[in-house]
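Biologist: Hi! I have a model open and would like to walk through it with you. Could we start with a single residue and work outwards?

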Amino acid sequence: MRSRRIWPSLAATLALALLTAPAAHGAAYGAQPYAPIESPASPADQPPFDGGRTYQLAVPPPGSEVPPGFRLNAETVTGIASEAVSGTLDSHAYRARVRTRLGSDGQGQWQVDFFEPGGEDIAQVVIDDRGGDVVERWTGSQVDTKLARGYEGAVAGKVNKWWIWLPLCLLFVAPFVDPRRPLRLVHLDLLALLGFSGSLFFFNRAEIGWSVGLVYPVLAYVFLRMLVAGFRPTEARDRLLPFARRSWLVAGIVALVAFHTAYVATEGRVIDVGLAGVIGADRLTQGEDVYGPDFSHGLPPSSDVRGDVYGPVNYIAYVPFEAAFPWSGRWDDVPAARAAALGFELLTALALFGLGRRIRPGPGGVTLGVALAYAWLAYPFTMYALGSSFNDSLVALLVVCCLLVLASAPARGALAALAGLSKFGPLVLAPLLAAGHGQRRARPLVLFAVGLLAAAALVTLPLLPDGGFRELYDRSL
């Protein structure tokens with residue numbers, strides 16, 4: 001990573017953010033030599049995880065003829081691949097596409113894709129040319145979705161290492177644990193939030209069935225807890241921090257901010273999500289259409305970066321960061337995306353501190369705000385999003401801002417629109433936010449709707465494509 005360039009740049013962008021808070025195509029033999037000069041990057045360093053070199057695929061001679069520099073032939077490789085997926089394909093009505101490639105270790109490999117008659121890629125097998133061993137075998141959604149393949153370090157990099165993850169888990173729960181009262185409900189709440197770690201464990205092992213399944217018990221628990229808190233609210237008289245002093249948490253916040261900043265500057269990655277935000281901001285400032293078919297014009301076709309899956313607020317939020325670090329036009333270390341992810345995260349911590357002060361008056365509110373900011377920064381999934389420069393913290397920031405202005409119907413309507421038009425998911429909160437503190441009068445609902453519609457129009461109309469709302473809907477939702 002080019003940390004010398006990004007360190008001073010990150011400092012400038014963070015200051016700006018806080019001040020503004022309120023591989024190449026396959027080629028046939030004979031067309032060009034097969035082996036490139038350099039080996040491609042490992043799968044974790046290729047799109048959609050990074051902008052490294054992609055595999056150079058080439059069509060081998062048919063039948064039993066051995067390509068230059070290889071030991072196996074297309075006929076043998078097809079047989080090995082067919083046997084590897086024979087138990088998972090429903091029928092034999094498929095065709096195999098065989099190509100050679102140079103592995104990340106510089107050794108020859110074979111990639112065999114199986115297609116249904118309709119053209120859908122239903123299986124992919126990678127075979128090592130030296131011994132004919134199956135290196136990779138993917139079926140189902142893992143064929144097209146490389147994110148589900150569990151490549152080591154592909155998502156969030158070293159954040160997945162136990163020596164980072166487990167200490168963060170400990171820091172997250174330690175200030176709130178009272179060993180004299182082990183049955184405190186807050187203990188179960190904290191453990192439930194850390195329960196997503198089980199899903200992540202299987203995600204990193206490419207066992208997607210287990211990974212997805214283990215998400216639902218945690219979501220069910222959170223859902224039930226919110227129902228109980230909403231319909232049967234009770235005032236907790238227990239101390240939120242049994243032993244930890246507020247000064248300790250402040251010191252922890254300073255240490256965590258320093259650690260997160262150092263990590264994103266030296267080890268941070270930029271997945272296609274963060275790159276899309278930067279490209280969209282660049283197109284926006286250049287007066288170009290964001291929601292168009294040529295969004296990633298200039299990038300290699302293998303990059304497959306799509307920007308029309310997010311709302312307009314996402315691209316607007318990236319504008320100050322892209323202005324500070326103009327996009328180079330390449331998928332390099334993209335400092336704007338890394339700075340934006342860190343900026344969204346730190347602004348969320350600041351908003352949570354403000355929320356704590358608003359919920360409780362006096363010193364108790366300061367303590368609550370510090371505790372919320374600390375918990376956000378210590379939560380390992382916060383850093384997980386930062387590790388690959390996701391835009392998830394932008395959603396968290398806008399939702400917390402909705403709570404900050406809950407007393408004002410038009411303000412919370414406007415913030416609800418901004419949150420919903422970032423990644424669309426927060427739109428489900430609009431009815432809840434419309435109720436505010438539980439008002440059942442018409443006037444607050446009308447003011448909420450006016451604020452929501454006005455803010456939605458303000459951020460959507462400038463980015464509306466030539467096809468109008470119909471095209472915007474088709475390209476995003």
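Modeller: Happy to. Keep in mind that this is a predicted model. Let's begin with S211, which has a relative accessible area of 6% and is therefore buried.

Biologist: Which helix is S211 found in?

Modeller: S211 sits in helix α7, which covers residues 208–213.

Biologist: And what does S211 touch, leaving out residues up to four places away in sequence?

Modeller: With those left out, S211 touches S199, F202 and F203. As for F201, its C-alpha is 7.5 Å from that of S211, and the two are ten residues apart in sequence.

Biologist: Let's switch to α14. How many of its residues are buried?

Modeller: Eight of eight, so to speak: helix α14, residues 380–387, is mostly covered. The buried residues in α14 are P380, F381, T382, M383, Y384, A385, L386 and G387.

Biologist: What comes just after α14?

Modeller: Just after that helix, S389 takes a positive phi of about 55 degrees.

Biologist: Back to Y384. What is Y384 in contact with, apart from neighbours within four places in sequence?

Modeller: Setting those neighbours aside, Y384 is in contact with V155, A156, V159, N160, W165, L200, F203 and F390. F203 is also one of the residues that S211 touches.

Biologist: How many residues are in the largest nonpolar core, and which have the most contacts inside it?

Modeller: The largest nonpolar core has 101 residues, and V155, F172, L275, V305 and Y384 have the most contacts inside it. Helix α12, residues 335–359, gives the most to this core, with 13 residues.

Biologist: Where else is there a core?

Modeller: A second, separate core has 15 residues, including F70, A74, V98 and I122.

Biologist: Tell me about α12, then. Is that helix mostly covered or mostly open?

Modeller: Mostly covered: 18 of the 25 residues in α12 are buried. From first C-alpha to last, α12 reaches 36 Å, close to the 36 Å expected at 1.5 Å a residue.

Biologist: New topic: the surface. Which residues form a nonpolar patch there?

Modeller: F223, L224, L227 and F231 do, and together they have about 460 Å² of accessible area.

Biologist: Why does F231 count as exposed?

Modeller: F231 has 71% relative accessibility, and the cut-off for exposed is over 50%, so F231 counts as exposed. F231 is placed in helix α8, residues 215–231.

Biologist: What tends to happen to nonpolar side chains in general?

Modeller: In soluble globular proteins, they tend to be buried together.

Definitions and conventions: Residues are numbered from 1 along each chain as its sequence is written. This is a predicted model: local features need pLDDT of at least 70, side-chain atom pairs count only at pLDDT 80 or more; totals for chains, interfaces and linings use all residues. Side-chain values use heavy atoms; hydrogens and water are left out. A nonpolar core is a set of buried Ala, Val, Leu, Ile, Met, Phe, Trp, Tyr and Cys residues joined through side-chain atoms within 4.5 Å. Buried means under 20% relative accessible area, exposed over 50%, partly exposed in between (1.4 Å probe, protein chains only). Helices (H or I, at least four residues) and strands (E, at least two) are DSSP runs, numbered from the N terminus. Contact means heavy atoms within 4.5 Å. Patches are made of residues with over 30% relative accessible area and no salt bridge: like charges are joined within 9 Å, nonpolar side chains (Val, Leu, Ile, Met, Phe, Trp, Tyr) within 5 Å. Accessible areas come from the Shrake-Rupley method with a 1.4 Å probe; for residues, only the protein chains shown count as cover. A salt bridge is a side-chain nitrogen of Lys or Arg within 4 Å of a carboxyl oxygen of Asp or Glu. The expected span of a helix is 1.5 Å times one less than its number of residues.
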